[in-house]
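Welcome, and thank you for taking a look at this one.

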Amino acid sequence: MTKLYIHAQTLIDGISDTPKYDQLITVEDDKIVQIEDYHEVNEDVIHENVVTPGFFNCHVHILYPVGFDSKKEFTLMEKAFYAQKHCKEYLESGVTFIRVVGTEENYDLQIKEAIENHVIEGPHMYCAGKVICMTGGHGWQEGIEADGKDACLKAVRTQLRSGVDLIKMMATGGVMTKGVEPGNAQFTVDEMKVMIEEAHKAGRKTATHAQGLQGIKNALYAGIDSIEHGCFLDEECLELMKEQNTFLVPTLCAPQCIIDKGVENGVAQYMVDKTLKVKDAHVESVKKAYDKGIQFALGTDAGTPFNYHSNTAYEMELLSKLNISNMDILKMATINSARCVGVDKDYGSIEVGKKADFVCLNENPLENISNVRKINKVIQSGRIVVQNTR
């Protein structure tokens with residue numbers, strides 16, 4: 001049995017509305033066994049300015065290299081090495097848990113297995129494998145195309161057989177797929193309903209790419225667990241999300257990174273054009289959802305153009321610009337995301353009995369959310385996996 005003692009001068013535990021001060025966290029192996037007022041112990045103690053739960057990123061595409069001309073193609077071997085690099089970048093940026101929501105040939109499951117077998121280092125992972133889309137729909141190049149209830153049911157069962165942790169489906173068109181529009185609904189309510197029911201029967205959560213209004217409504221009518229992006233939300237959507245406790249994963253990073261870099265840096269013109277159509281509505285939808293009290297989880301859509309796997313903090317900064325409180329943003333990045341993924345029994349907050357995943361910060365993110373970038377240590381499952389020199 002290994003023990004770890006951490007003195008948190010400021011403890012942001014993920015569930016409280018205010019921080020706690022001068023707390024001593026005792027970790028045995030990979031679990032938190034005690035949290036108490038600080039006192040001296042006859043062991044080495046790690047002294048940290050600020051301690052938070054490990055961060056989540058609930059919307060990533062782990063294989064996608066970032067920062068290249070959108071026409072550049074990569075071999076599978078190159079993608080594998082990039083995936084290893086991305087896993088390291090998540091840990092270095094304080095992200096100890098990721099939800100992968102789309103990977104060709106279910107390769108994310110193999111990456112997850114490599115991490116669990118200690119072949120490579122990386123965050124805890126929940127994997128969707130291949131997305132499910134209509135024929136020619138958003139993401140068809142790497143997904144499973146299915147039309148009609150029977151085909152959709154078979155697609156879900158095929159993915160469950162592969163061992164995925166969640167089912168990801170495409171309710172609308174999107175920016176990244178040429179020839180489809182973000183506002184267009186794709187799957188019908190009945191098609192999504194059969195997929196969601198089958199996933200729930202197997203104890204799996206569901207998520208949907210949903211940008212346009214009708215597609216979002218179709219997903220909500222069908223009983224989806226999380227809306228990814230949610231660019232166009234009206235009052236009916238918000239009421240349904242509130243009533244059904246549907247999570248919103250806004251991914252503000254994705255359109256902002258495309259606009260930040262633009263065609264001059266290699267982003268395809270059609271991507272820029274479609275992004276400009278949705279960006280303002282997207283921001284307004286996020287504001288309305290926050291005001292309505294919708295549950296947010298944090299995700300970036302990392303892997304889209306110039307949306308780096310090391311830059312989860314950018315999503316927090318963009319949310320902060322919308323007058324969302326820093327404490328709420330930290331909850332979105334921790335306990336809310338754990339609830340969205342369905343792992344809040346073990347992750348997402350600093351409580352006795354939970355896994356010991358912590359981010360140790362040099363400065364307080366409640367004062368400035370960008371302080372989440374000022375990392376001193378990252379502890380995952382009771383083990384220091386990142387240590388910087390102050």
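## A loop to begin with

In which loop does Thr-251 lie? Thr-251 sits in the loop between strand 13 (247–249) and helix 7 (253–261); helices (H or I, at least four residues) and strands (E, at least two) are DSSP runs, numbered from the N terminus. Thr-251 has a positive phi of about 50° although it is not a glycine. Thr-251 is also buried, with a relative accessible area of 0%; buried means under 20% relative accessible area, exposed over 50%, and partly exposed in between, with a 1.4 Å probe and protein chains only.

Before going further, a word on the source: this is a predicted model, in which local features need pLDDT of at least 70 and side-chain atom pairs count only at pLDDT 80 or more, while totals for chains, interfaces and linings use all residues. Residues are numbered from 1 along each chain as its sequence is written, and side-chain values use heavy atoms, with hydrogens and water left out.

Another positive phi in a residue other than glycine is found at Ser-381, with a value near 50°. Ser-381 belongs to the loop between strand 15 (375–380) and strand 16 (383–387), and is partly exposed, with a relative accessible area of 27%.

The two strands form a hairpin with two residues between them. Strand 15 and strand 16 pair in the antiparallel sense over four bridges, where pairing requires that DSSP finds at least two bridges between two strands. Within this pair, Lys-377 stands opposite Gln-387 of strand 16.

## Helix 4 and its neighbours

Now turn to helix 4 (residues 189–201), which has 13 residues. From first C-alpha to last, helix 4 reaches 18 Å, close to the 18 Å expected at 1.5 Å a residue; the expected span is 1.5 Å times one less than the number of residues. Just after helix 4, Gly-203 takes a positive phi of about 80°.

Which residues of helix 4 are buried? They are Glu-191, Met-192, Val-194, Met-195, Ile-196, Glu-198 and Ala-199. These buried residues pack against strand 8 (132–133), helix 3 (149–162), strand 10 (166–170), strand 11 (205–210) and helix 5 (213–222), with contact meaning heavy atoms within 4.5 Å.

## Cores and cysteines

The largest nonpolar core has 87 residues, of which Ile-111, Met-192, Met-195, Ile-227 and Leu-319 touch the most other members. Such a core is a set of buried Ala, Val, Leu, Ile, Met, Phe, Trp, Tyr and Cys residues joined through side-chain atoms within 4.5 Å. Leaving aside residues up to four places away in sequence, Met-192 touches Met-169, Ala-171, Phe-187, Gly-215, Asn-218, Ala-219 and Ala-222. A second, separate core of 14 residues includes Leu-4, Ala-8, Ile-25 and Phe-358.

The structure holds zero disulfides, a disulfide being a pair of cysteine sulfur atoms within 2.5 Å. For Cys-133, the nearest cysteine sulfur is that of Cys-152, 9.7 Å away. Cys-133 is buried, with a relative accessible area of 0%, and Cys-360 is buried with a relative accessible area of 0%.

## The whole chain

Stepping back, the secondary structure of the protein chain comes to 11 helices and 16 strands. The radius of gyration is 20 Å, close to the 21 Å that the globule rule gives for 390 residues, so the chain is as compact as a globular protein of that length. That radius is taken over C-alpha atoms, and the rule is 2.2 Å times the number of residues to the power 0.38.

Along its principal axes, the C-alpha trace spans about 65 × 45 × 40 Å. Of the 390 residues, 59% count as buried.
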